[in-house]
Amino acid sequence: MKKYIYSFLVAVSVMGLTSCMEVDNFDEPEAQISGKIIDKTTGENYLTDQGDVHLRIWEKSYSLNPAPQDLNVKGDGTYHREKLFAGTYDMLAYDGSWWPCDTIRNVAIGKSNSATQNFEVTPYLKIKDFQCSLGEETADGMVVLTMSCRLFAPITEELPQVREIRPFISINEHCGASNHLDYYYKDEYRINLRKSWSALGDMTTGEGNTTYEIKVPVKRGYHYWVRMGANVNDVHMKYNYSEIKEVVVP
């Protein structure tokens with residue numbers, strides 16, 4: 001009896017090993033997709049910061065309720081993702097500082113060539129007339145950097161409350177909420193607004209009433225990249241940005 005039991009266990013073990021040695025016949029993910037987020041008000045790429053906003057995608061080929069995946073968007077508003085499974089996807093410009101937009105359905109991503117899908121968004125705010133200049137020296141040998149801008153709202157009706165304006169300062173070309181010097185990310189350097197657009201600008205034209213100015217101390221001999229950003233009180237509270245400018249402090 002023991003002999004039969006032993007033979008049975010050996011047979012089961014061999015079958016198990018054989019099944020483990022079977023070749024995985026699933027293709028590796030080889031599909032890729034790229035594109036850009038376009039500012040609908042200008043037709044140009046949406047300005048953001050590296051890693052600050054994302055696209056959300058759902059692979060619909062094999063499931064009616066798939067888990068979402070997020071794709072990083074570069075600072076220039078472009079994106080590129082490799083190593084996706086070929087199939088059909090729903091895609092959404094997800095968590096930026098823009099008015100909610102529709103999901104793009106049934107985007108076909110094949111493995112034979114790269115798919116392209118662009119997105120158009122309307123920003124909550126635009127940062128206009130961004131200027132920066134170096135001024136007087138402080139008592140401790142720093143130099144005062146003055147930054148200024150105006151706000152513009154492409155859509156004023158039902159615009160969420162405008163929260164704040166901040167300066168963003170970096171020592172490399174990536175500059176924004178995800179890439180900045182923490183020293184300057186202080187409440188003392190921000191403009192705390194917490195106001196509806198009717199208190200800040202014209203409801204018909206969208207033009208802001210005020211030129212906002214922020215002064216920060218910077219070190220001599222340093223090379224900075226700077227910009228300003230403003231956000232509204234929505235679920236993501238991400239920033240709309242000015243362009244980035246280089247500042248060389250002699």
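**Strand pairing and burial in a predicted model**

Reader: How do strands β2 and β5 pair, and over how many bridges?

Author: Strand β2 (residues 54–59) and strand β5 (residues 87–93) run antiparallel and share five bridges; two strands pair if DSSP finds at least two bridges between them. Strands here are DSSP runs (E, at least two residues), and helices are runs of H or I with at least four, numbered from the N terminus. This is a predicted model, where local features need pLDDT of at least 70 and side-chain atom pairs count only at pLDDT 80 or more, while totals for chains, interfaces and linings use all residues. Residues are numbered from 1 along each chain as its sequence is written, and side-chain values use heavy atoms, without hydrogens and water.

Reader: Which residue is the bridge partner of I57?

Author: M91, in β5.

Reader: What sheet are β2 and β5 in?

Author: An open one of four strands, ordered β3-β2-β5-β6, with antiparallel pairing.

Reader: Which strands stand at the edges?

Author: β3 (69–72) and β6 (104–109). Each has a single partner strand, so one side of each lacks a neighbour in the sheet.

Reader: And the whole protein, how many helices and strands?

Author: One helix and 16 strands.

Reader: C149, buried or exposed?

Author: C149 counts as buried because its relative accessibility is 0%. Buried means under 20% relative accessible area, exposed over 50%, and partly exposed in between (1.4 Å probe, protein chains only). C175, at 1%, is buried too.

Reader: What share of the protein is buried?

Author: 42% of the 250 residues.
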